Amino acid sequence: MIFEQGLRTKNVIIDKGVDLLEVILNNGKILEIKISSYPRLNNATLDELEKWELISNGIGNTWEHLNEDLSVKGFIQTVAINDMLEHLQAFSGNDPKAFT
């Protein structure tokens, strides 16, 4: 469904200092993902991280020298899982705003 709707990566912005990978989609949405979510990227230098390329007109990204290929679908799944885990952690801590 993601590919049928034409979602593609347009650009990637990396800030290793704050553990942030921003994936900018062709619809203007920005996915914010922790670099540490991906062990190969987490262990890479900033120079290595900045050597990414688009796969098949943006359906994903490759860091060929790191042997890491990530799809738009995978990025979206990672964001959704991380968001849910944050909500569950807040909820388990008896945070009254956890699911508002």
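**From overall organisation to individual residues**

Among the contacts in the protein with a separation of 6 or more, 36% are accounted for by residues 24 or more positions apart. The model in view is a predicted one. The protein contains three helices and six strands, and from the N terminus on these elements run β-β-β-α-α-β-β-β-α. Of its 100 residues, 31% count as buried. The accessible surface of the protein comes to about 6600 Å², and carbon and sulfur atoms contribute 52% of that area.

A pair of aromatic rings is described by the distance of the centres and the angle of the planes. In this protein the count comes to one aromatic pair. Its members are Y38 and F75, whose ring centres lie 6.2 Å apart with the planes at 90°; the pair is therefore edge-to-face, given that an angle over 60 degrees is classed in this way. Y38 sits in the loop between β3 (30–34) and α1 (39–42), whereas F75 belongs to helix α3 (residues 72–92), so that the pair links distant parts of the chain, 37 residues apart. Both Y38 and F75 are buried.

The side chain of T62 reaches the backbone nitrogen of E64 at 3.4 Å. With neighbours within four places in sequence left aside, T62 is in contact with K51, W52, E53, I55, E68 and D69.

Side chains of opposite charge can pair when their charged atoms come close. The count for this protein comes to one salt bridge, in which the side chains of K51 and D47 meet at 3.3 Å, N to O. What is the exposure of the two partners? K51 is partly exposed, since its relative accessible area is 47%; D47 is likewise partly exposed, with a relative accessible area of 47%.

The loop between β4 (53–55) and β5 holds S56, and N57 is placed in the loop between β4 and β5 as well. Most residues other than glycine have a negative phi, and most peptide bonds are trans. Against this background, phi of S56 is near 45°, a positive value in a residue other than glycine. N57 also has a positive phi, near 60°, and is again a residue other than glycine. S56 is exposed because its relative accessible area is 53%, and N57 counts as exposed at 67% relative accessibility.

L85 counts as partly exposed because its relative accessibility is 43%, whereas F75 is buried.

Note on methods: Residues numbered from 1 in each chain as written. Predicted model: local features only at pLDDT ≥ 70, side-chain atom pairs only at ≥ 80, totals over all residues. Heavy atoms only, no water. Phe/Tyr/Trp six-rings, centres within 6.5 Å; stacked < 30°, edge-to-face > 60°. Helix = DSSP H or I, 4+ residues; strand = E, 2+ residues; numbered from the N terminus. Buried < 20%, exposed > 50% of the residue type's maximum accessible area, 1.4 Å probe, protein only. Polar contact = N/O pair within 3.5 Å; in protein donor to acceptor, adjacent residues only side chain to side chain. Contact = heavy atoms within 4.5 Å. Salt bridge = Lys/Arg side-chain N within 4 Å of Asp/Glu carboxyl O. Areas by Shrake-Rupley, 256 points an atom, 1.4 Å probe, with all protein chains shown as cover.
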